[in-house]
Amino acid sequence: MSEEVRGSEDIRIGVYVCHCGLNIAGVINVKELVEYAKTLPNVVVAKEYIFMCSSPGQNLIKEDIEQYKLNRIVIAACGPEMHEPTFRAAVSEAGLNPFLIDLIAIREGSSWVHYDDPKRATEKAKDMIRMSVARVRNLEPLEKIKGEVKHEALVVGGGVAGLTAALDLANRGFDVHLVEKRPTLGGHTAMMGVLNWEGRRLSGREIVRTLIKMVKDNPKIKVYTNSEVVKVDGSIGNFKITVMRKPRYVNERCNLCGKCEEVCPVSVPDEYEYGIKKRKAIYLPYSGAYPERYVIDPNSCTFCGKCVEVCPVNAIDLNEKEGEISLNVGAIVMTLGHDEYEPAIGEYGYGLSKNVITLSQLKRYLSDDGPTKGELLVNGTKPKNIVFISCVGSLGTTPHANQYCSRTCCMAALSEMLHLKSKYPDANIFYVHKDIRVYGKDEKLYWEAIDNLIKFVRFDEPPKVSIDGNKTFVDVYESTLQERILIPADLVVLVTGMTPIKEVDAVRSLFKVGCGGDGFLKELHLKLNPVESLTGGIFLAGTATGPKSVAESIIAGSAAAVKASILLAKDHIEVEPLIAEVDESKCSGCGICVSICPFNAISMQKREDGTRYSKIDPLLCEGCGTCIAACPSAAIQQYGYKDKQIIPQILAVFGR
Amino acid sequence: MSGEFEPKIVVIACHWCTYQAINLAGTSRMKYPPNVRTIRVMCSGRTDPQFVIEAFRNGADGVLVAGCHPGDCHYVNGNMKTMRRTVLLEKMLEQMGIEKGRFRREWISAAEAKKWVDVVTEMVDQIKKLGPLKLAGRGDE
């Protein structure tokens with residue numbers, strides 16, 4: 001990058017004032033501005049034109065650069081958002097470094113807002129030009145930063161979004177590393193029962209099995225289950241990743257005979273069945289799980305060794321240790337998934353009676369591969385009166401509920417009600433709801449539910465669930481009828497929403513991606529940059545960014561894969577050079593900047609004499625400049641926003 | 001200009017939120033007093049307390065530092081650092097004899113053009129009441 005600015009006598013500034021038709025010239029005295037600009041230090045030429053952004057306007061600047069040997073340009077027109085690229089390109093054609101220009105918005109900042117006071121609008125515009133001239137005098141030529149791109153991708157999370165992203169990236173020709181923290185692929189979808197899939201009754205496991213089969217057969221995808229990313233270094237195009245592979249204690253010799261499971265003395269709730277069934281400490285997550293082997297849960301295992309004795313193929317090794325894997329990838333797709341909202345004990349009677357279950361648990365009961373083989377048997381009997389309660393943990397219904405709507409639960413609940421009704425036509429089903437939010441094609445679920453005589457009961461105040469021995473009652477004030485209703489319920493189903501994963505804060509700081517007020521990861525721009533994180537080279541998909549249906553998660557997985565492949569297909573990338581740099585000679589090595597950097601871009605280095613200094617990775621630095629304000633030695637500066645470029649602007653406000 | 005005191009207020013605005021709100025106020029033709037002079041930085045976290053002091057020392061009657069709402073920072077949490085620094089700065093300014101109300105820190109999102117207009121209008125009114133800043137050693141004419 002450039003050295004100090006040469007002597008100020010070499011600075012030759014051109015100032016161009018745009019009329020923007022009458023948008024500026026209708027309020028501001030443009031001629032007065034031009035004459036004023038000519039009096040400012042280092043200004044060689046000042047001109048006005050009806051539309052600076054037009055071809056003749058651009059040509060005017062290009063010709064002047066040549067004729068007057070201009071080396072700094074001020075354009076008083078609109079702000080940099082729209083036309084900075086236009087003018088950067090124009091001055092480049094005339095041989096001027098594109099970072100030596102400044103666009104100031106005398107339109108948005110003056111003529112459009114002070115139209116009732118042309119005199120003061122003109123005064124303000126003069127001040128703005130004076131400030132800009134003070135800034136450009138100290139601008140330096142800059143070059144875009146080049147970095148190489150590794151043509152491999154890391155996909156974090158093996159749910160439907162991650163599986164889809166991995167497949168799409170591999171089919172595009174990139175090597176993919178798929179890291180999943182659980183012992184098996186499939187995510188939440190593998191635990192869902194029947195999905196309402198365009199009217200076809202397809203189970204979550206069938207979808208997952210199809211995706212897994214394609215992943216398994218794809219030689220470009222490497223799968224690491226029971227593994228977690230523990231370290232992320234490097235930056236866009238060149239991330240250095242450390243993955244910790246936890247021991248599975250069961251190797252590929254496992255033939256799924258199940259003898260180990262029979263002798264295992266430990267019994268704990270099975271998380272793959274939402275706790276409605278027990279599993280052993282050595283277990284197969286579910287039939288068809290991938291990898292197709294048993295796994296030992298080290299949290300519940302007593303390491304008694306009984307399974308080792310009975311295993312006929314010697315597949316169990318209780319001494320297996322964890323291992324580290326290093327990866328070098330160009331792009332990362334994060335599909336963290338979500339957690340289900342876990343109702344508090346006593347919230348709508350949850351945890352106090354076996355008659356109160358969650359929608360996910362109901363889905364397991366109704367799954368052909370569930371613990372009751374698809375029969376709804378609660379306490380050994382078939383419930384007749386079934387009451388669903390909506391928005392559990394959503395829409396601020398209870399004090400610790402989330403404020404947002406989880407979007408997918410109404411569809412899932414209605415779909416399950418119809419499923420129940422087709423199985424048990426004499427069941428009485430109630431949907432006690434705060435609101436019903438079904439959208440798009442799923443609107444038909446609502447009308448089908450009405451046709452099937454499902455009773456809709458609306459509430460403003462959350463209903464009360466009372467438990468009296470084996471009997472359960474739902475007490476609700478129906479807000480349309482304005483009447484209190486007491487429903488005797490054989491089964492209460494809590495329709496719970498989605499929450500960010502528990503570890504979201506740790507994961508967020510590990511990858512340096514931001515999150516919104518709801519705790520879900522944040523996209524760069526909801527409309528203009530969906531699936532892109534705030535950090536270059538990291539893409540987001542699935543429920544990591546907010547509640548989504550299975551179909552929407554898959555779409556997001558594909559979208560993230562496309563965005564990642566745009567990056568991965570390049571040999572090198574160019575990034576804006578408006579980044580911070582440490583002047584090693586001034587750095588005292590205090591390390592404050594390291595702790596303050598939101599992007600982990602700063603690291604401590606050692607000099608030959610053993611003293612320390614900090615160094616900024618130019619590809620990791622996003623150019624916020626917060627380290628500069630924190631540096632007690634004034635050793636850091638940001639290109640384009642150096643103190644010597646900002647302070648003169650402040651002084652220029654007062655003509656100093 | 002008329003004899004009435006017209007304060008000059010220096011604004012340091014972040015590119016992603018407040019500067020965009022200023023733009024939106026422009027495109028929406030929302031009127032506000034022309035007493036502000038804005039300096040754009042990428043993140044309010046770039047605001048060195050020195051900038052604020054320089055502004056007051058050289059003639060500002062008020063300084064506004066404005067960025068994204070907490071949790072909305074384009075750079076994860078740069079604005080939180082602004083918050084911490086400016087809390088300390090406020091104490092220091094008070095000790096320098098700069099009245100409360102001359103320095104403000106505001107979170108103004110890209111959509112909050114109305115808030116930008118309200119903040120500026122309120123600040124100008126308040127500083128008009130306080131009168132020109134008298135600061136020892138400022139070297140005013």
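**Two chains, read term by term**

Author: Buried residues make up 48% of the 656 residues of chain A. The model is predicted: local features need pLDDT of at least 70, side-chain atom pairs count only at pLDDT 80 or more, and totals for chains, interfaces and linings use all residues. Residues are numbered from 1 along each chain as its sequence is written, while chains are lettered from A and ligands numbered from 1 in the order in which they are written.

Reader: What makes Ile241(A) count as buried?

Author: A residue is buried if 20 or more other C-beta atoms, placed from the backbone, lie within 10 Å of its own; it is exposed at 12 or fewer and partly exposed in between. Ile241(A) has 22 C-beta neighbours inside 10 Å, so it counts as buried.

Reader: Where is the place of Ile241(A), and which residues does Ile241(A) touch?

Author: Ile241(A) is part of strand E12 (residues 238–245) of chain A. Strands (E, at least two residues) and helices (H or I, at least four) are DSSP runs, numbered from the N terminus. Leaving aside residues up to four places away in sequence, Ile241(A) touches Leu154(A), Val229(A), Lys231(A), Val232(A), Leu327(A) and Val329(A). Such a contact means that the C-beta atoms of two residues, placed from the backbone, lie within 7 Å.

Reader: Why is strand E1 of chain B said to be largely enclosed by the rest of the structure?

Author: Six of the six residues of E1(B), residues 9–14, are buried, so the strand is largely enclosed. Ile9(B), Val11(B) and Ala13(B) point one way, Val10(B), Ile12(B) and Cys14(B) the other way, and all are buried.

Reader: How many bridges join E1(B) to strand E2 of chain B?

Author: Six bridges join E1(B) to E2(B), residues 36–41, and the two run parallel. Two strands pair if DSSP finds at least two bridges between them, so E1(B) and E2(B), with six, count as paired. Within this pairing, Val41(B) in E2(B) is the bridge partner of Cys14(B). E1(B) also pairs in the parallel sense with strand E3 (residues 62–67) of chain B, over five bridges; there Ile12(B) stands opposite Val65(B).

Reader: Why is one side of strand E2 and of strand E4 of chain A left without a neighbour in the sheet?

Author: The open sheet has four strands in the order E2-E1-E3-E4 (chain A), with parallel pairing. Strand E2 (43–49) and strand E4 (101–105) stand at its edges with a single partner strand each, so one side of each has no neighbour in the sheet. Neighbouring strands are turned by 15° against each other on average, direction ignored. Strand E3 (residues 72–77) of chain A and E4(A) run parallel and are joined by five bridges, with Ile75(A) opposite Leu103(A) in E4(A). Helix H3 (residues 80–93) of chain A lies across E3 and E4 of chain A, at about 150° to E4(A). Axes are lines fitted to C-alpha atoms, for helices over the stretch in contact, and angles run from 0 to 180 degrees between N-to-C directions.

Reader: How many residues of chain A are in contact with chain B?

Author: 40 residues of chain A are in contact with 35 residues of chain B. The largest share of that side of chain A, six residues, comes from helix H17(A). By class, it has 19 nonpolar, 11 polar and 10 charged residues. Ala, Val, Leu, Ile, Met, Phe, Trp, Tyr, Cys and Pro count as nonpolar, Asp, Glu, Lys and Arg as charged, and the others, Gly among them, as polar.

Reader: What pLDDT does chain A average?

Author: Chain A averages 93, and 98% of the residues score at least 70. The pLDDT is the predictor's confidence in each residue, from 0 to 100. Over residues 1–7 of chain A it is below 50, and this stretch has six contacts in the model beyond near neighbours in sequence.
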